[in-house]
Amino acid sequence: MSFFFLRRHGRAFTAALFLALFFVLPARAVTIQEVVSPKGVRAWLVQDDFVPLIAIRFSWKGGTTQDPAGKEGLANLMTGLFDEGAGDLPSDAFQERLDNIGAEMSFSATADDIGGSMRMLAENRDAAFDLLSLAVNRPRFDQGPVDRIRQQIITNIKASERDPNTIAAQKFAEVLYGNHPYARREQGTEKSLMAVTRDDLLAFHRRVFARDNLTIGVVGSISPQELGPLLDKIFGNLPEKAELTPVPDAKLALGATTSISYKLPQTSIALVYPGVSRKDPDFFAAHLMNHILGGGSSSRLYREVREKRGLAYSVDSALVIRDHASALTISTATRPDRAQETLQIIRDEVSRMANEGPTEQELAEAKSYVIGSYAVSNLDSSSGIARTLVGLQQEDLGRDYIDKREGIINSVTLDQVKAVAKRLLQADPAILMVGPAQM
């Protein structure tokens, strides 16, 4: 639900095209190095001189859940302002300098994190990192850009208020999470955004942008010796400790059915079951079980709902993992007059998985897919690798995780998958149905 801002004039086209076409690292084993700067800033680096480019990704714990009450949307608004002027450079001058060196910079907010990234030609790295340092340490938050970006978000909010699925998703979140911050709108509301001041933005930046909640991944044509001082330039002067508001774990309101009536050509259906955290010992058993249940075109749900009966164009399940809540979700859309039939087929398949589990053949095929797809999904580009480096650190998985992952997956037994299926899928799910009243 985060709002991403495209620059008014775009980045230098040829540079962006070059980055998109050529900065793809081969799917091969990667060597991850830990770099510690002179001031103690830590980052993981994959050095690759095949293409003279550099990508950096970074993340601070503490996203939209840190928005003060009554000022929801503050974090999301802030992420649209980092290239709208920093240091002694107002908005136009900052963006012109960014364009001139062909660099791409972006920031975004999720419920749990504030993230940023930058890509550049290696030969322009010093100039690019100078700009990134200004953005991270000295954002201006000038009133003109604040008002303009705020209005863009409000316009987007007003447009989404006419979208039945957006309305339904928000209502469902409120049912699922109750008073937890996860139930709030990450973009905020017109009222809450209008309450945000420049002082609020500065205070949020000061509280969240620190070194103890920061994770960094770097990929490209740069050595550890070169990277260390640059890390200090960007992050070394941030406060040592963040001042985050504690966020409790959420308890999902399972068992409730939320029906929202709209005149739509299809009825959308969503089911939410308990999930597992990334640190749960049963994570990979749950991951494999989910893939068998609804993780692709060979899954049970796809076969039963689409291939056998033609009830939906697609149906899938997913493990959704957040810092303070985890869930297994199933979603599809079908003809309104067959919505109840589709829902019952899904529930029957879930019940069969819970009671019987998968077969040995299904598990073997799931292992093969999950192992083989990892490189394609996570190691196919500089940005993908940098994102993966940040994620591995956040989950405390270790620099040898990529090498160990295949062995961990292959060690999962059929009994473990059956046990986690019973544990998660015997629960009464939360259900959302959005469509015509006759559903």
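Two residues are in contact when heavy atoms lie within 4.5 Å of each other. Keep that in mind for the exercises below, which use a predicted model.

**Exercise 1. Which residues of H13 and H15 meet, and how are the two helices oriented?**

Step 1. Start with the contact itself. On the H13 side we find Lys367, Val370, Ile371 and Tyr374, and they meet Tyr401, Ile402, Arg405, Glu406, Ile409 and Asn410 of H15.

Step 2. Sort these residues by class: six are nonpolar, one is polar and three are charged.

Step 3. Now turn to the axes. Helix H13 covers residues 360–378 and helix H15 covers residues 401–410; their axes come within 10 Å and cross at roughly 170°.

Step 4. Angles over 145 degrees count as roughly antiparallel. H13 and H15 are therefore roughly antiparallel to each other.

**Exercise 2. Describe how H3 passes H4, and list the residues that meet.**

Step 1. A pair of packed helices is described by the angle between the axes and the distance between them. For H3 (residues 91–100) and H4, the axes cross at roughly 145° and come within 10 Å.

Step 2. The crossing of H3 past H4 is left-handed.

Step 3. Phe94, Arg97 and Leu98 of H3 meet Leu131, Leu134 and Ala135 of H4. This contact has five nonpolar residues, no polar ones and one charged.

Step 4. Look at burial in H4 too: its buried residues include Leu131, Leu134 and Ala135, along with Phe129 and Val136.

**Exercise 3. Which residues of H9 are buried, and what covers them?**

Step 1. Find the helix: H9 runs over residues 224–235, with 12 residues. From first C-alpha to last, H9 reaches 16 Å, close to the 16 Å expected.

Step 2. Pick out the buried positions, which are Pro224, Leu227, Gly228, Leu230, Leu231, Asp232, Ile234 and Phe235.

Step 3. Their cover includes strands S1 (33–36), S2 (42–47), S3 (53–61) and S8 (214–220), as well as helix H4 (125–137).

Step 4. H4, part of that cover, has 13 residues and reaches 18 Å, close to the 18 Å expected.

**Exercise 4. Is glycine 228 buried or exposed, and what does this residue touch?**

Step 1. Buried means under 20% relative accessible area. Glycine 228 has 4% relative accessibility, so this residue counts as buried.

Step 2. Leaving aside residues up to four places away in sequence, glycine 228 touches Val35, Ser37 and Pro38.

Step 3. For a sense of distance, take glycine 63: 165 residues separate this residue from glycine 228 in sequence, and their C-alpha atoms are 27 Å apart in space.

How values were computed: Residues are numbered from 1 along each chain as its sequence is written. This is a predicted model: local features need pLDDT of at least 70, side-chain atom pairs count only at pLDDT 80 or more; totals for chains, interfaces and linings use all residues. Side-chain values use heavy atoms; hydrogens and water are left out. Helices (H or I, at least four residues) and strands (E, at least two) are DSSP runs, numbered from the N terminus. The expected span of a helix is 1.5 Å times one less than its number of residues. Buried means under 20% relative accessible area, exposed over 50%, partly exposed in between (1.4 Å probe, protein chains only). Axes are lines fitted to C-alpha atoms, for helices over the stretch in contact, and angles run from 0 to 180 degrees between N-to-C directions. A crossing is left-handed if the near helix is turned anticlockwise from the far one by less than a right angle, and right-handed if clockwise. Ala, Val, Leu, Ile, Met, Phe, Trp, Tyr, Cys and Pro count as nonpolar, Asp, Glu, Lys and Arg as charged, and the others, Gly among them, as polar. Angles under 35 degrees count as roughly parallel, over 145 as roughly antiparallel, 65 to 115 as roughly perpendicular and the rest as oblique.
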